[in-house]
Amino acid sequence: VDGIRYEGYDGHIFTYFNPREVESVTVIRDAATNALYGILGGNGIISITTRRGQQVEPRITVAYDHGWRGMDTDRYRPFSAFKHAMLRNESCLNDGLKPVFSEQQLKYYYNPAVDGNREYGNAKYEGPENGIWPSNDYYSQFLKRYQTEDKLYLSIGGGSEYVQYMCNFQWMHTGALFNQPKYSGMNYTMNPGSANYFHVASNLDSKLNYFISATFTLRGDFK
């Protein structure tokens, strides 16, 4: 980025990089890459040039983005306790072993609302004992189907004939992936999985005299 090796936060180069401060992106794959970057440029590099200050009146830009990120939790839909017990018994019978769960225990696990598809001849397990033992779907209990994401961007830029500047600030908030537990009688909340990220980038170009110019660049990411 601007001629300096940049690895981003925790090795995530583009996750927290602000696209609004990008002037151009160039992919370089030639002998000049190896000459400049050595072994690090063996597979080529991505060169990003950021926007810099211009000789204009000060300009302030504010932008806000809000979105949702879907979580593919349906792929990991677990078996109910009753189906797990049935398959466990079937596995034991295939190996010539005694079933682990008795018929009475299967009745305790059977829940018509979840296991009412008659896949295993379930009708014989229906009775007043149904649902005495729980069947937990921990993915649904603890994980959300969607995760919110908010981004706030602030930019200030401008300059004169001798000094040009550009300052960028970005705040990103990712909502919790886990459902927030509620504790009755306690003024306590938990929001596991949420995070705030901050990205700061600024540059200053100064023309000291007819022959000498100076450039200052500051970039940082923290969580």
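**Figure 1. Salt bridges of the predicted model.** The structure holds 3 salt bridges, a salt bridge being a side-chain nitrogen of Lys or Arg within 4 Å of a carboxyl oxygen of Asp or Glu. The model is predicted, and local features need pLDDT of at least 70, side-chain atom pairs count only at pLDDT 80 or more, and totals for chains, interfaces and linings use all residues. Residues are numbered from 1 along each chain as its sequence is written, and side-chain values use heavy atoms, with hydrogens and water left out.

**Figure 2. Close-up of the salt bridge between Arg20 and Asp65.** The two side chains meet at 3.2 Å, N to O. This pair links distant parts of the chain, 45 residues apart: Arg20 is in the segment before strand 1 (22-28), and Asp65 is in strand 3 (residues 59-70). Helices (H or I, at least four residues) and strands (E, at least two) are DSSP runs, numbered from the N terminus. Arg20 counts as partly exposed at 33% relative accessibility, and Asp65 counts as partly exposed at 31%. Buried means under 20% relative accessible area, exposed over 50%, and partly exposed in between (1.4 Å probe, protein chains only).

**Figure 3. Close-up of the salt bridge between Arg219 and Glu21.** The closest N and O atoms of Arg219 and Glu21 are 3.0 Å apart. Glu21 is buried, because its relative accessibility is 1%, whereas Arg219 is partly exposed, with a relative accessible area of 22%.

**Figure 4. Close-up of the salt bridge between Asp205 and Arg52.** In this pair the closest N and O atoms lie 2.9 Å apart. Asp205 is in strand 6 (residues 195-207) and Arg52 is in the loop between strand 2 (45-50) and strand 3; the pair links distant parts of the chain, 153 residues apart. Asp205 is buried, its relative accessible area being 14%, and Arg52 is partly exposed at 21%.

Figure 5. The chain has 5 helices and 7 strands, which run β-α-β-β-α-α-α-α-β-β-β-β from the N terminus on. Of the 223 residues in the chain, 26% are buried. Among contacts (heavy atoms within 4.5 Å) between residues at least 6 apart in sequence, 62% join residues at least 24 apart.
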